[in-house]
Amino acid sequence: MFDLNLGDLTPEQFLSTYWQKKPHVFRAGFKNFEDPISPDELAGLAIDETVESRLVWHKDGDWNAAFGPFQSYDHLGEKNWSLIVQAVDNWAPDAAKMIEPFRFIPNWRLDDLMVSFASEGGSVGPHIDHYDVFICQGSGKRHWCVGDRGNLKEYAAHEALLHVEPFDAIIDTILEPGDILYIPPGFPHEGIGLEPSMSFSVGFRTNSATDMMSGLADFLIDNELGKQLIEDPDREISVTPGIINNSDKSRIKQHLQNILDDDSTMTHFAGCYFTTAKHELDIEIPEPLFENEDTISAIAEQPLKKLGGLRCSYLEKSIEEGIFYINGEQYALPASLSAAIKVLCNQQQIELSDITEWAENDDFIKFLTRMINEGYWYF
Ligand code: SIN
Ligand code: CO
């Protein structure tokens, strides 16, 4: 288990002082930290074409990047390269446990656990991210510089690498195993390996209005919603046919606003949109499939685990009706099971003591069995 040590800050104080506001280093944020995945295991993941990986290397000021899968690193030599693997929480359950101490930030804000190996001099270069990240130093040391937010120019150092112009450091430090650097969106930064080193980044990403509007449009199409046309039975004559006047502009805005104001549509949309997996899931269907009558006895023997990267959420409105969302789909159970649904959504694993109250409830058992047979929860 990873115990997060925010120094003398409580999570509440961290949120009010630093979250989205300013970067901070937590020395020994994880005490006695040991890499939950080794550099060789990371390279093993990067062989798999369904795993997102990147190599970044530089020589004499020229930057290069390539996308995985990768079979070998021999051509890169000893220095100045790094391997970055995305969504390691989907593939390596021991590494996924690093996310748990950060669950004081809700699931829908989480992006993934990104892991990087850097050789001496290895780095992805100076850049700006648009998400909050806790960069946890694993084995080895890295030199980190973080600058202030500002209007810094970004440029393509390579077609796949957006870098930022030089910045003055407000943090200039060496991270050692277990240290955690928190960086909010917009602060330029760069970490350079001082020796072969591992880094574990728990990232939290929000969504732009563009992303969400595009997701909402897809959602409306899939659910055959929002098809009503603008109506204007009160139209008055126009003497300037070229104009879209203020009254018409208000009518257009209101027509769109009606969708956003429809709480039931927005609840359903948010549930589906924010539980859609951001990266490939490592789904394995059990063989043979589970029978309803075996589920509870199996949980009595060992905890039932949620698949890494699987997103499950409920909304305050939906849970009253027993409605919740898993991996982009809406599910419904009787409203009397809402406390059981909360356990499923809030916890990463379930033990018998968590669900004794519903251990003989047919609807609940059938649902759990179905989830196990879809590979969403596993033993
Ligand atoms: C890295 O781990 O190599 C890069 C992390 C970052 O700068 O966001
Ligand atoms: Co970054």
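The model is predicted, with local features requiring pLDDT of at least 70 and side-chain atom pairs counting only at pLDDT 80 or more, while totals for chains, interfaces and linings use all residues. Residues are numbered from 1 along each chain as its sequence is written, chains are lettered from A and ligands numbered from 1 in the order in which they are written, and side-chain values use heavy atoms, with hydrogens and water left out.

The cobalt ion (ligand 2) is coordinated at 2.0 Å by NE2 of H127, OD of D129 and NE2 of H189. Donors are here N, O and S atoms within 2.8 Å of the metal (3.2 Å for Na, K and Ca); water is not among the atoms, so sites may look incomplete. Along the chain, the donors of the cobalt ion (ligand 2) follow the spacing H-x1-D-x59-H. D129 lies in the loop between strand 5 (110–118) and strand 6 (131–137), whereas H189 belongs to strand 12 (residues 189–193), so the pair ties together parts that are 60 residues apart in sequence. Helices (H or I, at least four residues) and strands (E, at least two) are DSSP runs, numbered from the N terminus. Both D129 and H189 are buried, where buried means under 20% relative accessible area, exposed over 50% and partly exposed in between (1.4 Å probe, protein chains only).

Eight strands form an open sheet with antiparallel pairing, in the order 1-11-6-13-5-4-2-3. Strand 1 (24–26) and strand 3 (62–67) stand at its edges with a single partner strand each, so one side of each is left without a neighbour in the sheet. Neighbouring strands of this sheet are turned against each other by 20° on average, direction ignored; axes are lines fitted to C-alpha atoms, for helices over the stretch in contact, and angles run from 0 to 180 degrees between N-to-C directions. Two strands count as paired if DSSP finds at least two bridges between them. Strand 2 (residues 53–59) is joined to strand 3 by six bridges, and the two run antiparallel; W57 has N64 in strand 3 as its bridge partner. S53 is placed in strand 2 and is buried, with a relative accessible area of 6%. Leaving aside residues up to four places away in sequence, S53 touches A46, A66, F67, G68, P69, F70, L83, I84 and V85, contact meaning heavy atoms within 4.5 Å.

A further open sheet consists of three strands in the order 10-7-12, again with antiparallel pairing. Strand 10 (169–175) and strand 12 stand at the edges, each with a single partner strand, so one side of each lacks a neighbour in the sheet. The twist averages 10° from one strand to the next. Six bridges pair strand 7 (residues 142–147) with strand 10 in the antiparallel sense, and V146 stands opposite I171 in strand 10.

Strand 16 pairs with strand 15 in the antiparallel sense over two bridges, and C312 has I326 in strand 16 as its bridge partner. Four bridges join strand 16 to strand 17, which run antiparallel; here Y325 is partnered by Q330 in strand 17. The hairpin of strand 16 and strand 17 has two residues between the strands, and N327 takes a positive phi near 45° in it. Both faces of strand 16 are covered, with I323 and Y325 buried on one side and F324 and I326 buried on the other. I323 counts as buried at 16% relative accessibility. Residues up to four places away in sequence not counted, I323 touches Y314, S318, Q330, Y331 and A332. The C-alpha atoms of I323 and A335 are 7.8 Å apart in space, the residues being twelve apart in sequence.

Helix 6 (residues 263–275) has 13 residues and should span 18 Å at 1.5 Å a residue, which agrees with the 18 Å between its end C-alpha atoms; the expected span is 1.5 Å times one less than the number of residues. At the start of helix 6, a side-chain oxygen of D262 reaches to within 3.1 Å of the backbone nitrogen of S264. Helix 6 is mostly covered, ten of its 13 residues being buried; among them are H268, F269, Y273 and F274. Its buried residues pack against helix 4 (209–222), strand 15 (312–313), helix 8 (316–319), strand 16 (323–326) and strand 17 (329–332).

Notes. Polar contact = N/O pair within 3.5 Å; in protein donor to acceptor, adjacent residues only side chain to side chain.
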